[in-house]
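Please keep the sequence and the 3D view at hand while reading.

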Amino acid sequence: MNCRTLRWSVVAILTCCLAGAVLMPVSSARAVDTTSWFRLLSVDRNLAISLNGAKLAVKAMHIGDTILVPFSVLHQAWGAVYAMSAAGSALTIGSRHAVWKGMSPTYRLEPLDMPWGVAPVAVGGQLYIPLRELMEPMGAFVGKQASTGDVIVAYSTQWQKEPWLRQSQLAQVQAIDQIPVNLKRVSATRKVVAFTFDDNWDAAAAVRIAELFHAYNGHCTFFVVGTSARMHPDAIRTMVRLGDDIGNHTHSHPAATNITDATFVKQIQACEQVLNGMGLTSRPYFRFPYFAKDKHLMQIVTDQGYVTIGSAWTIEDTEPRRSVAHSIATIRRFISPGVIFVGHANSMMTYDAMKAILPELAAEGYTFVSLSELLRGR
């Protein structure tokens with residue numbers, strides 16, 4: 001065999017190998033977790049698709065009761081990778097692999113066979129994947145808004161490594177239209193109280209507060225500022241790990257009445273994006289800094305997919321006469337079933353007040369709940 005023949009033979013062999021590699025399903029070694037960010041995907045009744053509130057150019061389709069979305073949407077949302085060979089098809093999201101062959105009614109997700117209901121289908125050059133049937137077994141939150149019928153899928157590939165990041169408050173995203181705007185309390189027959197804490201400028205105090213509620217088998221809610229969350233991600237993770245809710249308190253705590261509408265929207269979105277980078281969300285809860293709001297601004301909050309949360313009483317931990325004793329006296333005076341209190345996780349004084357009052361309230365039969373627990377009647 002001369003040199004020219006040998007050279008062409010090598011080229012042909014390499015070409016065949018490369019072609020085979022392209023067609024082989026993606027292995028775990030090649031799968032790339034392109035994003036660990038939290039993404040909220042929704043499909044409305046007209047099959048329009050939105051990703052974190054932004055409408056996409058492509059649309060979903062349905063076959064019977066099954067909603068299917070283009071593979072490109074799964075790639076954009078969660079870095080999905082797809083490959084096909086004679087052996088079948090493989091779709092990888094993070095470290096999880098769905099494998100199927102042709103129009104098989106089932107697919108294999110690690111050791112389990114899962115039903116498609118409707119198998120993936122190619123239409124107009126696009127591969128369409130059944131949304132709920134894939135994402136729910138993957139560990140995503142899948143729900144439907146009661147008022148609109150929109151299908152909601154929330155997921156982060158980070159949940160594969162840390163399943164506790166899947167926040168219980170996501171269930172309230174599908175019920176957001178049923179939550180009263182500027183919620184201050186709920187009717188309750190049981191002794192439940194929701195303590196909420198704004199700002200989180202003092203990460204050490206916030207963590208101590210979260211641990212204190214956990215010690216009483218209870219939860220609370222933190223409305224966080226994006227800049228603080230970015231500086232103290234471990235504090236945020238601790239709150240979520242202990243089962244507390246996280247709300248949006250803007251990115252840098254401006255009074256919404258002193259900024260333009262466009263800047264206000266950016267403030268809401270920037271705070272959310274910081275949490276998304278941790279595999280978390282602040283949806284659906286928002287609280288205005290300084291409670292500076294009006295009907296127009298609350299409508300902006302609604303348009304961003306949030307509900308404005310107020311409070312029945314403040315524990316007065318930012319007032320000129322602030323003290324542990326004064327906060328305790330305020331709580332004692334205004335405590336009642338279903339009430340929402342607001343405090344500020346910005347000093348150990350607030351922690352000391354809560355440390356003193358929680359055993360007293362627990363002895364009276366009170367249970368300490370997050371906003372989500374309050375809304376679902378825990």
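In the second largest pocket, the lining residues divide into 5 nonpolar, 3 polar and 6 charged, where Ala, Val, Leu, Ile, Met, Phe, Trp, Tyr, Cys and Pro count as nonpolar, Asp, Glu, Lys and Arg as charged, and the others, Gly among them, as polar. The model is predicted, and local features need pLDDT of at least 70, side-chain atom pairs count only at pLDDT 80 or more, while totals for chains, interfaces and linings use all residues. Residues are numbered from 1 along each chain as its sequence is written, and side-chain values use heavy atoms, with hydrogens and water left out.

**The second largest pocket**

- About 220 Å³ of space lies in the second largest pocket; a pocket, on a 1 Å grid over the protein atoms alone, is an open set of points where a 1.4 Å probe fits, with protein on both sides within 12 Å along at least five of seven lines, and lining residues have an atom within 4 Å of a point.
- A volume is the space filled by probe spheres set on the points, and grid points are joined across faces, edges and corners.
- Of the 14 residues that line the second largest pocket, Asp 65, Thr 66, Ile 67, Lys 144 and Val 151 lie nearest its centre.
- Two or more residues of this lining come from each of β5 (66-70) and α3 (131-138), and the largest share, 3 residues, belongs to α3; helices (H or I, at least four residues) and strands (E, at least two) are DSSP runs, numbered from the N terminus.

**The largest pocket**

- The largest pocket has a volume of about 670 Å³, and among its 28 lining residues Gly 53, Arg 283, Asp 303, Gln 304 and Gly 305 lie nearest the centre.
- The elements giving two or more residues to the lining of the largest pocket are β1 (39-43), α7 (261-276) and α8 (295-303), with α7 supplying the largest share, 5 residues.
- By class, the lining of the largest pocket holds 11 nonpolar, 12 polar and 5 charged residues.

**Helices α7 and α8**

- The axes of α7 and α8 come within 11 Å and cross at roughly 45°; axes are lines fitted to C-alpha atoms, for helices over the stretch in contact, and angles run from 0 to 180 degrees between N-to-C directions.
- That angle makes α7 oblique to α8, since angles under 35 degrees count as roughly parallel, over 145 as roughly antiparallel, 65 to 115 as roughly perpendicular and the rest as oblique.
- The crossing of α7 and α8 is right-handed, a term used if the near helix is turned clockwise from the far one by less than a right angle, with anticlockwise giving left-handed.
- Asp 261, Phe 264, Val 265 and Ile 268 of α7 make the contact with His 296, Leu 297, Ile 300 and Val 301 of α8, contact meaning heavy atoms within 4.5 Å.

**Helices α4 and α6**

- Helix α4 (residues 203-215) and helix α6 (residues 233-241) pack at an angle of about 10°, and their axes lie 10 Å apart, which makes α4 roughly parallel to α6.
- Their contact is made by Ala 203, Ala 206, Val 207 and Ala 210 of α4 together with Ala 235, Thr 238 and Met 239 of α6, and it has 6 nonpolar, 1 polar and no charged residues.
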